[in-house]
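Open the structure in your viewer and keep the selection tool at hand. Each stop below says what to select and what is there.

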Amino acid sequence: MHVQEWLETVPAVSIYLLVGLVIGLESLGIPLPGEIILVSAALLASQHGDINPFVLGACASAGAVIGDSIGYAIGRKGGRPLLAWLGKKFPRHFSEGHIATAERSFEKWGMWAVFFGRFVALLRIFAGPLAGVLHMPYWKFLIANVLGGIVWAGGTTAVIYYVGVVAEDWLKRFSWLGLVLAVLIGLTSMLVVKRKAKKAQVASSEVETVGVAE
């Protein structure tokens with residue numbers, strides 16, 4: 001079943017909790033489709049009034065910030081052995097190449113890697129644990145974590161919700177335009193046919209008149 005179709009069967013409160021939980025676990029370091037769940041839920045909110053986009057964005061932001069913070073604490077305590085263990089459990093996501101790429105990003109950008117990493121699927125999973133492993137000062141991590149979580153989760157919710165509302169209104173207008181256009185085409189076709197039939201009838205009458213005269 002498609003994610004959005006499945007979400008339609010879930011109560012609003014459960015969707016808030018689900019979005020926050022999935023994004024939190026993804027931020028913690030577990031490879032989950034947090035962005036897909038958030039986009040689907042925001043799109044669903046644009047079509048169903050039961051789901052409040054502000055509450056959804058707040059829950060997503062809270063999940064992102066809390067999950068990253070827990071990931072930071074786990075990474076700081078587990079260190080390099082934790083990354084090695086994750087590499088064995090999730091070789092597709094925590095391969096040595098991916099870890100090296102993430103480390104280079106942290107070395108180059110510092111706390112901004114945590115902020116901008118929120119917008120990149122790979123770094124979104126790595127940011128918290130890797131910041132802890134590299135012993136980034138917690139106050140720097142916290143600032144980047146909170147700002148990144150709010151901008152990413154809140155911004156994604158707002159953009160997708162707005163796009164969904166606009167698209168739905170456009171489709172409604174389009175359906176009415178399509179109906180009006182179909183009616184106009186039908187009326188035009190009917191008038192053209194009637195006009196041609198009338199001309200054919202007149203022409204036939206003229207031929208018959210000429211024949212009789214001869």
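Predicted model: local features only at pLDDT ≥ 70, side-chain atom pairs only at ≥ 80, totals over all residues.

Residues are numbered from 1 along each chain as its sequence is written, and side-chain values use heavy atoms, with hydrogens and water left out.

**Stop 1: salt bridges**

The structure holds 3 salt bridges; the term means a side-chain nitrogen of Lys or Arg within 4 Å of a carboxyl oxygen of Asp or Glu. Select Glu 26 and Arg 124, whose closest N and O atoms are 3.3 Å apart. Glu 26 is in helix H2 (residues 12–28) and Arg 124 in helix H7 (residues 121–133), 98 residues apart. Helices here are DSSP runs of H or I with at least four residues, numbered from the N terminus. Both Glu 26 and Arg 124 are buried (buried is under 20% relative accessible area, exposed over 50%, partly exposed in between, with a 1.4 Å probe and protein chains only).

Glu 35 is partly exposed at 32% relative accessible area, while Arg 124 has 2%.

Next select Arg 118 and Asp 68, a salt bridge with its closest N and O atoms 2.9 Å apart. Arg 118 lies in the loop between helix H6 (111–117) and H7, and Asp 68 in helix H4, so parts 50 residues apart in sequence are tied together. Arg 118 is buried at 2% relative accessible area, and Asp 68 is buried at 1%. Shared partners join Glu 26, Glu 35 and Arg 124 into one salt-bridge network.

**Stop 2: aromatic rings**

How many aromatic pairs does a search of the whole structure find? There are 7, where rings of Phe, Tyr and Trp (its six-membered ring) pair if their centres lie within 6.5 Å; planes under 30 degrees apart count as stacked, over 60 as edge-to-face and the rest as tilted. Select Tyr 72 and Tyr 138: this pair is tilted, at 5.3 Å centre to centre and 55 degrees between the planes. Tyr 72 is in helix H4 and Tyr 138 in helix H8 (residues 138–213), so the pair ties together parts 66 residues apart in sequence. Is Tyr 72 buried or exposed? Tyr 72 is buried, with a relative accessible area of 5%; Tyr 138 is partly exposed at 39%.

Now select Trp 112, Phe 115, Phe 116 and Phe 119, which ring pairs link into a cluster.

**Stop 3**

Select Gly 63 in helix H4 (residues 53–89). Gly 63 is buried, at 9% relative accessible area. The C-alpha atoms of Gly 63 and Ile 23 are separated by 5.6 Å, though the residues are 40 apart along the chain. Beyond its neighbours within four places in sequence, Gly 63 is in contact (heavy atoms within 4.5 Å) with Gly 20, Ile 23, Gly 24 and Ser 27.

Move to Ser 61, also found in helix H4. Not counting residues up to four places away in sequence, Ser 61 touches Gly 149, Ile 150, Ala 153 and Gly 154.

Methods:
Helix = DSSP H or I, 4+ residues; strand = E, 2+ residues; numbered from the N terminus.
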